[in-house]
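Please open the model in your viewer and keep the sequence panel beside it, so that each stop on this tour can be selected in turn.

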Amino acid sequence: MTADPRNTLNRRLFLGSAAAVMSTAALPAAAQLANSTEPDTPLAGAVRNNISAFRMLDWRDHFDNTRNGVILADLNSRALHYWSEDQSIYKLYPTSVPLNDELTRRGRTDVIQKVENPRWIPTKSMLERNPEWPKVIEGGSPDNPLGVRALYLGWPAYRIHGTHDTRKIGRRSSSGCVGLYNEHILELYSLVKVGTQVLLL
């Protein structure tokens with residue numbers, strides 16, 4: 001049985017085109033590396049923001065120490081930074097943030113409780129704004145706005161939690177809390193302990 005020459009030609013054309021596209025995509029990165037002045041350091045003069053506007057932050061600019069670990073929720077760039085107590089672990093997660101400044105609380109607090117499959121109970125002001133909302137949604141429900149895990153903060157009704165609605169991440173979409181993808185809150189939940197320092201910036 002002989003191979004159909006048209007199939008061989010089509011396969012070669014496809015492979016050649018794919019290789020050309022991949023090498024073209026690598027050119028900007030290669031050009032940046034070629035212009036870098038020092039090896040193994042950030043690009044000289046480069047702004048350390050990514051396409052999602054995450055800012056690279058240093059815990060030392062915001063905390064005196066990392067006792068019990070620290071969480072820095074940057075509401076402006078919609079990102080959450082976590083450093084472990086011994087600083088061996090650093091995590092950066094995209095988040096949802098409050099809809100507007102009136103719903104936003106900034107400042108220092110700490111994690112006071114960790115809850116698996118938290119029950120969601122809207123606050124009085126939430127129900128005033130949205131009277132059609134249910135009075136409670138049990139934990140584990142796919143409709144639960146708190147997702148699969150929640151870190152309760154020292155301020156009443158403020159949480160760092162997961163969400164089943166992935167469209168909310170990266171947006172102003174919450175009633176005051178900081179939301180993460182469920183897979184990210186699962187990871188953060190495993191790292192954080194009661195007493196972790198928190199700053200909403």
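A residue is called buried when its relative accessible area is under 20%, exposed when it is over 50%, and partly exposed in between. The model you are viewing is predicted.

The side chains of Asp101 and Arg172 meet in a salt bridge, with 4.0 Å from N to O. This pair links distant parts of the chain, since Asp101 sits in the loop between strand E4 (97-98) and strand E5 (107-116), while Arg172 belongs to strand E8, 71 residues apart.

Keep both residues selected and turn to the largest cavity, where about 40 Å³ of space lies. Its lining includes Asp101 and Arg172, along with Leu75, Asn76, Val97, Pro98, Thr104 and Arg106. Sorted by class, that lining has three nonpolar, two polar and three charged residues.

Next, look at two further salt bridges, bearing in mind that the structure holds seven. Select Arg149 and Glu116, whose closest N and O atoms are 3.9 Å apart in a salt bridge. Here too distant parts of the chain are linked, with Arg149 in strand E6 (residues 149-153) and Glu116 in strand E5, 33 residues apart. Arg149 counts as buried, at 16% relative accessibility. Then select Arg119 and Glu138, a salt bridge in which the closest N and O atoms are 3.0 Å apart. Arg119 lies in the loop between E5 and H2, and Glu138 in the loop between H2 and E6, 19 residues apart. Arg119, at 45% relative accessibility, counts as partly exposed, and Glu138 is also partly exposed, at 42%.

Now move to the largest pocket, in which about 570 Å³ of space lies. Of the 32 residues that line this pocket, select the closest to its centre, namely Trp120, Met126, Pro145, Leu146 and Ser175. Helix H2 (124-129), E7 and strand E8 (172-174) each supply at least two residues of the lining, and the largest share, three residues, comes from E7. By class, the pocket lining has 13 nonpolar, 13 polar and six charged residues.

Finish at Thr163, which is found in strand E7 (residues 159-163). Is Thr163 buried or exposed? Thr163 is buried, with a relative accessible area of 5%. A polar atom of the Thr163 side chain lies 3.1 Å from the backbone nitrogen of Asp165. Leaving aside residues up to four places away in sequence, Thr163 touches Pro145, Gly147, Lys168, Ile169, Leu180 and Asn182.

How values were computed. Residues are numbered from 1 along each chain as its sequence is written. This is a predicted model: local features need pLDDT of at least 70, side-chain atom pairs count only at pLDDT 80 or more; totals for chains, interfaces and linings use all residues. Side-chain values use heavy atoms; hydrogens and water are left out. Helices (H or I, at least four residues) and strands (E, at least two) are DSSP runs, numbered from the N terminus. Buried means under 20% relative accessible area, exposed over 50%, partly exposed in between (1.4 Å probe, protein chains only). A polar contact is a pair of N or O atoms within 3.5 Å; within protein, one must be able to donate a hydrogen and the other to accept it, and residues adjacent in sequence count only if both atoms are side-chain atoms. Contact means heavy atoms within 4.5 Å. On a 1 Å grid over the protein atoms alone, a cavity is a set of points where a 1.4 Å probe fits but cannot get out, and a pocket is an open set with protein on both sides within 12 Å along at least five of seven lines; lining residues have an atom within 4 Å of a point. Grid points are joined across faces, edges and corners, and a volume is the space filled by probe spheres set on the points. Ala, Val, Leu, Ile, Met, Phe, Trp, Tyr, Cys and Pro count as nonpolar, Asp, Glu, Lys and Arg as charged, and the others, Gly among them, as polar.
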